[in-house]
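Let's take a look at how this chain packs its inside. Have the sequence and the model side by side as you read.

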Amino acid sequence: SAASAKSMVIDLRKGHPHVRNLPHAPLARAARRAAARLEKGDPASAEAAFPLNYCSDVLGTRHFCDSLAKYLGRAYGGPVSPSWLMTTGGVSHGLDLATAALSRPGDTVLCESPTYFLVHQIFADHGLRIESLPTDADGLDTCALEARCEDSGKPPPRLLYLVPSHGNPSGATLPEARRSRLVELARKHGFYVLADEVYQLLD
């Protein structure tokens, strides 16, 4: 039947983990610790320890950014400054903010194909011209990227969007040599790279 066939479909567009892999118990413990901080001392002290009001720091609360920087530093094996971080309401929100800050309507954005299924609408909402680049088993074809950048008959790209690690939906991971070449091309041709690294720490 159609219903049974639908239940067998695996939707590769969405990077949703299986519920058994979600850290319910650790999150519950963290929530209890956070709630305990709210009950300590006077309201001003509680707010300072765990802000619930509008935050004066638009990048995120200091405690969270400090903690995240330490975590990422351990994961990356190198220093990460809290000043490099900004809290967003998810990847799509972050992409929307970055696109608004780094481009103008009419600019060109290059995307690997296939790509994250929601990203085209984000770029279209900002009035960008969207062009697709081919991929293979190793991800984005940097030779095709180079040829596109050197095509004098087309406007230079302003942005390049890709998912370098465990690409969505391809699953490909861009090799180090291609990553280095991509950075060289970005510097040479003056475009920004929006690296959607939601899966990088799975390695």
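Which residues does Leu 194 touch, leaving out those up to four places away in sequence?

## Ground rules

This is a predicted model, where local features need pLDDT of at least 70, side-chain atom pairs count only at pLDDT 80 or more, and totals for chains, interfaces and linings use all residues. Residues are numbered from 1 along each chain as its sequence is written, and side-chain values use heavy atoms, with hydrogens and water left out.

## Around Leu 194

Leu 194 touches Leu 95, Ala 98, Thr 99, Leu 102, Phe 123, Leu 159, Leu 160, Tyr 161 and Leu 162 (contact is heavy atoms within 4.5 Å).

Apart from it lies another core of twelve residues, including Leu 182 and Phe 191. A nonpolar core here is a set of buried Ala, Val, Leu, Ile, Met, Phe, Trp, Tyr and Cys residues joined through side-chain atoms within 4.5 Å, and buried is under 20% relative accessible area, with a 1.4 Å probe and protein chains only.

## Helix 7

Helix 7 spans residues 142–149, and its buried residues are Thr 142, Ala 144, Leu 145, Arg 148 and Cys 149. They fall within an arc of 155° seen down the axis, so they line one face of the helix (the arc uses directions from the helix axis to the C-beta atoms). Helices are DSSP runs of H or I, at least four residues, and strands are E runs of at least two, numbered from the N terminus.

Part of the cover over those buried residues comes from strand 1 (108–113) and helix 8 (176–189).

Definitions and conventions:
Buried means under 20% relative accessible area, exposed over 50%, partly exposed in between (1.4 Å probe, protein chains only).
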